[in-house]
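Biologist: I would like to learn how to read a fold from computed contacts and angles. Shall we take it feature by feature?

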Amino acid sequence: MPIVGMAGHVDHGKSALVAALTGTNPDRWLEERLRGMTLDLGFAHLSLDDGLEAGIVDVPGHERLLHNMLAGAAGMDVVLLAIDANEGVMPQTLEHLDILRYLNVRRLFNFVEESILEGTQWVVFEPNDPRLWDSVKRNVSAFLRRVWRDGALFGLTSAEAFFVKCDAENNTQDTIDIGQLIIDVGIAPVKPAEFVVFRIAQFAGGAAVSE
Ligand SMILES: Nc1nc2c(ncn2[C@@H]2O[C@H](COP(=O)(O)OP(=O)(O)OP(=O)(O)O)[C@@H](O)[C@H]2O)c(=O)[nH]1
Ligand SMILES: [Mg+2]
């Protein structure tokens with residue numbers, strides 16, 4: 001079930017929107033109702049006409065309750081950002097967006113790292129030579145091209161979105177001698193050609209990632 005998360009500045013109508021969409025007041029505590037302000041995470045269930053069921057997580061907008069917003073943000077798949085039309089964009093509007101962007105990048109990073117780690121385990125059974133390096137490069141590039149086409153990476157061309165390096169430069173006689181295959185990967189999750197890089201080392205009996 002997808003989780004729709006609320007975000008936005010204090011008093012910008014997040015909880016009111018949840019109540020309007022679901023019929024559930026996400027402010028469960030007496031104190032929240034008395035103060036007209038969300039203090040803790042709130043939950044509601046959303047059933048859409050097309051049969052889609054989703055969970056809604058409501059968060060506090062107050063700057064001093066950011067830790068509670070963070071706790072809710074980790075599980076969000078989609079976000080509804082509420083902005084009061086009279087007041088416009090306010091500090092926590094931007095702060096919440098920053099947090100969500102950061103979490104999204106982290107999540108993408110974990111997904112890409114884990115996928116490449118798992119998808120290249122077979123290399124340890126192959127001779128560690130230029131033929132293998134080419135084939136690793138092709139495989140990992142094909143995967144990252146899909147990630148890029150899905151819209152998760154920035155860049156008009158694939159060269160701006162990612163790079164994969166697996167050749168004689170990062171696979172030296174030393175690394176070959178200790179039985180390691182090295183893959184350096186850069187992905188651009190926020191801006192074209194601004195790469196966040198990590199290194200994967202595959203060896204018989206294990207693997208390692210360094211960022
Ligand atoms: N006029 C008007 N009032 C609204 C609207 N949405 C919310 N309100 C009112 O604005 C006040 C604040 O709304 P909440 O939904 O509690 O705001 P919130 O974003 O959940 O606030 P926090 O949880 O404290 O961050 C409440 O009194 C709502 O009734 C709207 O669309 N129009
Ligand atoms: Mg609220």
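Biologist: Among contacts in the protein between residues at least 6 apart in sequence, what percentage join residues at least 24 apart?

Modeller: First, this is a predicted model, where local features need pLDDT of at least 70, side-chain atom pairs count only at pLDDT 80 or more, and totals for chains, interfaces and linings use all residues. Residues are numbered from 1 along each chain as its sequence is written, and chains are lettered from A and ligands numbered from 1 in the order in which they are written. A contact means two C-beta atoms, placed from the backbone, within 7 Å. The figure is 57%.

Biologist: In what order do the 4 strands of the open sheet lie?

Modeller: Strands of a sheet pair through backbone hydrogen bonds, either parallel or antiparallel. Here pairing requires at least two DSSP bridges between two strands; strands (E, at least two residues) and helices (H or I, at least four) are DSSP runs numbered from the N terminus. The order is E2-E3-E1-E4, with mixed pairing. E2 (42-47) and E4 (78-81) are the edge strands, each pairing on one side only. E1 and E3 run parallel, joined by 3 bridges, and Gly5 stands opposite Val57 in E3.

Biologist: Which residues of helix H3 are buried?

Modeller: An α-helix has 3.6 residues a turn, so residues three or four places apart point the same way. Buried means 20 or more other C-beta atoms within 10 Å of the residue's own, against 12 or fewer for exposed and partly exposed in between, with C-beta atoms placed from the backbone. In H3 (residues 66-73) they are Met69, Gly72 and Ala73. Their arc, taken from the directions from the helix axis to the C-beta atoms, is only 100°, which puts them on the same side of H3. Their cover includes strand E1 (3-7), strand E3 (53-58) and helix H4 (91-119).
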